[in-house]
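Here are some exercises to work through with the model open beside you. Try each task before you read its solution.

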Amino acid sequence: MLHAKPRAGLRARALPVLLMSAVVAAFGGLFALAPVEADRPAVLAYADVAPLVLDEPATQERAQARASRDRRMDEQARALAVAQAKAAAAAKAKAAADAAAKAKAAAEAKAKAAAAAKAKAKRATASRGALRISGRCPVPNASFTDTYGAARSGGRSHKGTDLLAPYGSPVYAVADGRIRDAYSSNGGISLYLDADNGETYFYAHNSANVVKAGRVQAGQLIARVGSTGNAGGTNHVHFEREVGGRSINPYSFLRGIC
């Protein structure tokens with residue numbers, strides 16, 4: 001059997017074509033191959049393979065960007081933690097300061113209230129002591145009842161205690177102090193005793209004032225019982241007591257010293 005021997009010219013012509021195809025595949029280009037024989041058309045070779053891309057620099061840039069972003073996030077997280085810690089410390093310090101201020105204010109208020117109560121008790125003790133030390137009733141042996149607040153003419157109310165006694169009976173100072181002479185259509189011949197204990201005593205309807213001004217001592221004669229003013233002909237002394245400028249019912253006080 002006979003075999004056909006390939007012609008050397010055909011291999012020689014095919015080799016350049018194969019080489020050119022490889023080049024086109026590598027660079028993704030389109031090349032026109034020159035004809036190998038004058039009587040044959042040119043051969044076009046197309047490359048369907050994507051061009052080779054070397055992306056190592058891009059990969060490095062992405063890695064660096066991720067690392068930079070991670071560093072920024074870590075820095076922001078640390079800054080936030082520091083800010084939160086500072087805010088918590090400031091809030092704690094403020095709460096402690098507020099609590100201390102509140103406790104201080106409460107202690108001061110308590111101390112102030114205690115001091116006021118102590119001063120009040122001291123004044124009350126001094127007042128009672130001064131009145132009882134006198135040992136004298138304004139009008140000894142007088143009769144009296146508690147009529148404080150009773151209605152009076154002109155829509156008034158009774159602001160004292162009436163000490164009923166015979167005309168001309170002696171009237172005494174209940175405490176050490178200063179005398180002020182007075183007169184009015186209601187009270188008639190009257191006087192004020194501004195006592196050293198801070199209280200003021202008012203004597204009205206007197207027939208005469210023995211002392212009209214100046215200092216007196218507890219138990220000293222200062223006036224005489226009468227019925228001047230609007231006493232209505234009844235001999236008595238209208239006696240009032242004021243503490244801190246406020247009228248106080250004198251009945252219990254008079255019961256204690258008369």
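A disulfide is a pair of cysteine sulfur atoms within 2.5 Å. This is a predicted model, in which local features need pLDDT of at least 70 and side-chain atom pairs count only at pLDDT 80 or more, while totals for chains, interfaces and linings use all residues. Residues are numbered from 1 along each chain as its sequence is written, and side-chain values use heavy atoms, with hydrogens and water left out.

**Exercise 1.** Find the disulfide, give its handedness and say which parts of the chain it ties together.

Solution. Start with the count, which comes to one disulfide. Cys137 and Cys258 are the partners, with an S to S distance of 1.8 Å. Next, look along the S-S bond: the angle about it is 75°, and the link between Cys137 and Cys258 is right-handed. Cys137 sits in the loop between helix 2 (56-134) and strand 3 (161-164) and Cys258 in the segment after helix 3 (251-257), so the bond ties together parts that are 121 residues apart in sequence. Helices here are DSSP runs of H or I with at least four residues, strands are runs of E with at least two, and both are numbered from the N terminus. Finally, check accessibility, where buried means under 20% relative accessible area, exposed over 50%, and partly exposed in between (1.4 Å probe, protein chains only). Cys137 is buried at 6%, whereas Cys258 is partly exposed at 43%.

**Exercise 2.** Work out the strand order of the open sheet of three strands, and identify its edges.

Solution. Two strands pair if DSSP finds at least two bridges between them. The order is 4-10-8, with antiparallel pairing. Strand 4 (170-172) and strand 8 (208-209) are at the edges, each with a single partner strand, so one side of each has no neighbour in the sheet. Now zoom in on strands 8 and 10: two bridges join strand 8 to strand 10 (residues 221-224), and the two run antiparallel. Opposite Asn209 you will find Ala223 of strand 10.

**Exercise 3.** Two residues, Asn141 and His205, have a positive phi; is each buried or exposed?

Solution. Most residues other than glycine have a negative phi. Take Asn141, with a phi of about 65°. Asn141 belongs to the loop between helix 2 and strand 3 and is exposed, at 84% relative accessible area. Then turn to His205, whose phi is near 70°. His205 lies in strand 7 and is buried, at 6%.
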